[in-house]
Amino acid sequence: SKAEEDGGNFSRALEYRRKAIEAGPRGRDWGLGFYAGLVINYATLGDVKAAEALLPEVSRLYYASMRGTYSASDRSGDDAHFALAQATLLEATGKYADAEPLYRRAETVLASDSKWAGEVWLDRVRQHLARVLIRQGHLLEAESEARRALLGALVKHGRYSSRTAGRLHSLVWVLREQGRYGESEALARAAIDIYVRIGAAPESLAFARAREQLAITLELQGRYREALVEYEAIDAGLS
């Protein structure tokens, strides 16, 4: 599921995550991370009703987990899963100011735990935080979070990784919002170059979003013919 998600095929990511839940053990509280991930996937794709229907189960599993004996890292992970499931659903429904403190909570608990501080999960959370900050107009703070997310991915995976390409999204966006079109364009092209070099499928939604970022930046510079080339590439790939 995670591999499909990194590759940009979210429908298959959802399919595998559901299979993981079905294959899980019965008779005990289990699967908080799996259900939280499912909520996040649905909310990210805009299926708010499906995400809302699953959130009560995430909540039940979270509070049930408090009765068990776990390591501090497991506790931090559970806290982050629950906060992110709530935050992503709030973001999907346009409640950015309400989502922000939950993203910050997830960032804090992960960054303060030695197990999670070096994981890709923290970079994703920082990207999500940057996203809601952009939508609220807090552009300088958003840029800082976006750069931290990208640097984390570069350290862990190097340049030519789908995860590094994915972390470029928020930075490209926030630079564009600041009118820094040249910088935004350069990073959008870098993301596309990564997807090409790692052999991303043309139908990858992540690849399409990278092309869309470049197209929007070109449009804002009045370079409509170049933007059209990108939109046509998106249409061909997704079709």
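**View 1. Trp121 and its contacts in the predicted model.** Beyond residues up to four places away in sequence, Trp121 touches Gly77, Ala80, His81, Leu84, Leu110 and Trp116. Contact means heavy atoms within 4.5 Å. This is a predicted model, in which local features need pLDDT of at least 70 and side-chain atom pairs count only at pLDDT 80 or more, while totals for chains, interfaces and linings use all residues. Residues are numbered from 1 along each chain as its sequence is written, and side-chain values use heavy atoms, with hydrogens and water left out.

**View 2. The largest nonpolar core.** This core has 44 residues. Leu84, Tyr103, Leu110 and Trp121 have the most contacts inside it. A nonpolar core is a set of buried (under 20% relative accessible area, 1.4 Å probe, protein chains only) Ala, Val, Leu, Ile, Met, Phe, Trp, Tyr and Cys residues joined through side-chain atoms within 4.5 Å. Two or more residues come from each of helix 5 (72–92), helix 6 (96–111), helix 7 (120–135), helix 8 (139–157), helix 9 (162–177), helix 10 and helix 11. Helix 7 gives the most, with eight residues. Helices are DSSP runs (H or I, at least four residues), numbered from the N terminus.

**View 3. A second core.** A separate core has 18 residues. Among them are Ile21, Val39, Phe82 and Ala85.

**View 4. Ser204 in its loop.** Ser204 lies between helix 10 (181–197) and helix 11 (205–220). Ser204 counts as buried because its relative accessibility is 3%. Leaving aside neighbours within four places in sequence, Ser204 is in contact with Gly7, Gly8 and Leu238. Its side chain reaches the backbone nitrogen of Phe207 at 3.2 Å.

Methods:
Buried means under 20% relative accessible area, exposed over 50%, partly exposed in between (1.4 Å probe, protein chains only). A polar contact is a pair of N or O atoms within 3.5 Å; within protein, one must be able to donate a hydrogen and the other to accept it, and residues adjacent in sequence count only if both atoms are side-chain atoms.
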